[in-house]
Amino acid sequence: KGIKFLPFQKVLDFGRIPRSSEGLTVQAAELEEDTFKIFVSHRWLSPWWPGAGFQPPKLDHRPDGNDEGHPDRAGHPKYKLLVAALQRMQADGWIPKDDGKVVIWIDFACIDQDGENPADELNESMIRLVGLCDMVVTPVVDDEWPDGEDWEGFKSRSDMEGAVGGVAEGYKAKAWKEYWKRAWCLLEMLYAANVPFSLELVEERGFGGDLLGFVRDKSVRPHALFGTREFKLEEAPLLLAPLKDDVLATNDPSKGQLTSENDRSTIERHVRELLITNLVRMREIPRAVSEYGHAQVTEVLDKLADVHEHQCEFSHQADLLQEALHIRRRELGDDHVDVARTYGNMANIHRALGEFDKSIELFEKVLEIFTAAFGHDHVD
């Protein structure tokens, strides 16, 4: 569906975080099934955009010398942290040791930066994108380690992991606290925590070591933090405890900080999608329809079904599509083309499972509705 990833080997070869115009990404559909996919959630170190109303950062602070925002800064500290984090996880057996089996998703490389509003590219794909990813990694460039006063009393891993709220509260880098204020960072973290994550194929996908133990114990998509502290102490990344259900209410991304207010409506749309996802997870679909309308709810059900398809959880996929079908038939009528498309998605599940008679039966319903709606000669 147009989602792209950046091969880790190309990251190493390029020597810094590449821009989308470098053309180093590959389509998700082209990746091998056992490719380990990492979502990089981070706060840009050099934010700026044309028409911002202020001057861009000085060029000697910009890795590429261009007058535009950049996720890194001079010396490429974020790039170095990201590479060190992945290589440490490889060395510890957390993720595949073969660089060719690891890809990352990072906005600067994987979203078209030359578009009028690059964030719009995520409007339809955020659930599917996060659903494709095996884990989240956040690199934290901390200029104050180890002398910053906030670090007093929280310098050891046990101090941070034992803090009220765990690592999320115990990690004292100011840059990490800023991360929690940023709208996009909050949104990414909440998507990672709420989009379905399957435990069925974790070993086949390359999980190992302490990361595999964490995933089995917590039953969540892991989110690893790797900052200047871990880099200098040569420690493994820290794993965040699962987010509680009330985090969305207390850390609303739609109220978070943005470099460009043009993104506010996009953030608000994603927050609605997250709220619907939570209601689906709690099996409160009627409430979701009542609060957000049938169109938005069925759109989210379709996207969540796609996630379960990628994770080879066809029964869960079928359950979600059945819910979408029930809502669409009730709200739109049995002969609506959106009902037909849902029948088509369900037919594909039965075909994948080798249940060809059921698949044919559903495809015949699709043909009947499309013929009535468009005629015999229509391309659909």
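## Where H12 meets H14

In this predicted model, Arg269, Arg272, Glu273, Ile276, Thr277 and Val280 of helix H12 are in contact (heavy atoms within 4.5 Å) with Gln296, Val297, Glu299, Val300, Leu301, Lys303 and Leu304 of helix H14. Helices here are DSSP runs of H or I with at least four residues, strands are E runs of at least two, and both are numbered from the N terminus. By class, this contact brings together six nonpolar, two polar and five charged residues; Ala, Val, Leu, Ile, Met, Phe, Trp, Tyr, Cys and Pro count as nonpolar, Asp, Glu, Lys and Arg as charged, and the others, Gly among them, as polar.

The axes of H12 (residues 264-281) and H14 (residues 294-310), lines fitted to C-alpha atoms over the stretch in contact, come within 10 Å and cross at roughly 75°. H12 is therefore roughly perpendicular to H14 (65 to 115 degrees, between N-to-C directions that can differ by 0 to 180).

## The largest cavity

Now for the cavities: the whole structure holds three of 30 Å³ or more. A cavity is a set of points on a 1 Å grid where a 1.4 Å probe fits but cannot get out, and its lining residues have an atom within 4 Å of a point; the volume is the space filled by probe spheres set on the points.

The largest has a volume of about 130 Å³. Helix H8 (residues 183-194) gives the largest share of its lining, three residues.

## Notes on the model

Residues are numbered from 1 along each chain as its sequence is written, and side-chain values use heavy atoms, without hydrogens or water. Local features need pLDDT of at least 70 and side-chain atom pairs 80 or more, while totals for chains, interfaces and linings use all residues.

Conventions
1 Å grid on protein atoms, 1.4 Å probe; cavity = no way out; pocket = protein on both sides within 12 Å on 5 of 7 lines; lining within 4 Å. Parallel < 35°, antiparallel > 145°, perpendicular 65-115°, else oblique.
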